[in-house]
Amino acid sequence: MMELRPLTGASFAAFGSVIQIPEPAKDASSVAVYSANQATATKYSPISILASHYPTANSGMPVMPVMSLFVCVPRKLVRKNGKQRFELSIMERHPYTTQSFIPMGLSASNSDTAYIVIVAPSLPLNTAGEDEKPDMSRARAFLAKGNQGVTYGAGVWHSPMVVLGKVSVTFAVLMWVNGVAKDECTEVEVVTEEVEINKFQANL
Ligand SMILES: NC(=O)N[C@@H](O)C(=O)O
């Protein structure tokens, strides 16, 4: 059973970055704050680095940054011992690119949107040429709210988006692509892991 913890810049730093207005007191981050648009806007930058490592891929195909929209419907939860749980069975990663998910609602009130971010490091390789797999024993599950987006680091294992609640959430998704499916995404089945959704978090 994976414990569900709040998504914060610090707790997620080993896996990527959180897209949110930094809280100086909490986020000892490297984000600088600027006045912009003739002092009618406040700019926080950089919030997330969108990295491409495709030049290290063998395919040598041209690379470009692409924005997509994902309309994610709420995932079905299972009830066990009176608790609601999400059962995870797939993990994926993008070996040569970061991937950012930004809820289009980016609501200031973060109570109406919630999704789960599950990430894991890779298992150490035992033999040359072996395919990397996620180390689910060190997987982490985070609860993200409507005023947070997330950037997965290149090559970081993560679950396909898991939206909670009753309504679909549209995400703007940014990643680099080269048109070669095996370079862009690796997907593996994992032994079903469960994430327990506390009662509060499920009533969204
Ligand atoms: N990350 C996620 O939810 N899905 C995407 O990686 C995808 O391309 O399916």
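Two strands pair if DSSP finds at least two bridges between them; strands (E, at least two residues) and helices (H or I, at least four) are DSSP runs numbered from the N terminus. The model is predicted, so local features need pLDDT of at least 70 and side-chain atom pairs count only at pLDDT 80 or more, while totals for chains, interfaces and linings use all residues. Residues are numbered from 1 along each chain as its sequence is written, and side-chain values use heavy atoms, with hydrogens and water left out.

**Exercise 1.** Find the partners of strand S8 (residues 99–103), and say which residues stand opposite Gln99.

*Solution.* Start with S14 (residues 169–177): S8 pairs with it in the antiparallel sense, over five bridges. On that side, Gln99 faces Met175. Now try S11 (residues 149–152), again antiparallel to S8, this time over three bridges. Here Tyr152 is the residue opposite Gln99.

**Exercise 2.** Work out why S8 counts as largely enclosed.

*Solution.* Take the cut-offs to begin with: buried is under 20% relative accessible area, exposed over 50%, partly exposed in between (1.4 Å probe, protein chains only). Four of the five residues in S8 come out buried, so the rest of the structure largely encloses this strand. Across the chain's 204 residues, 42% are buried.
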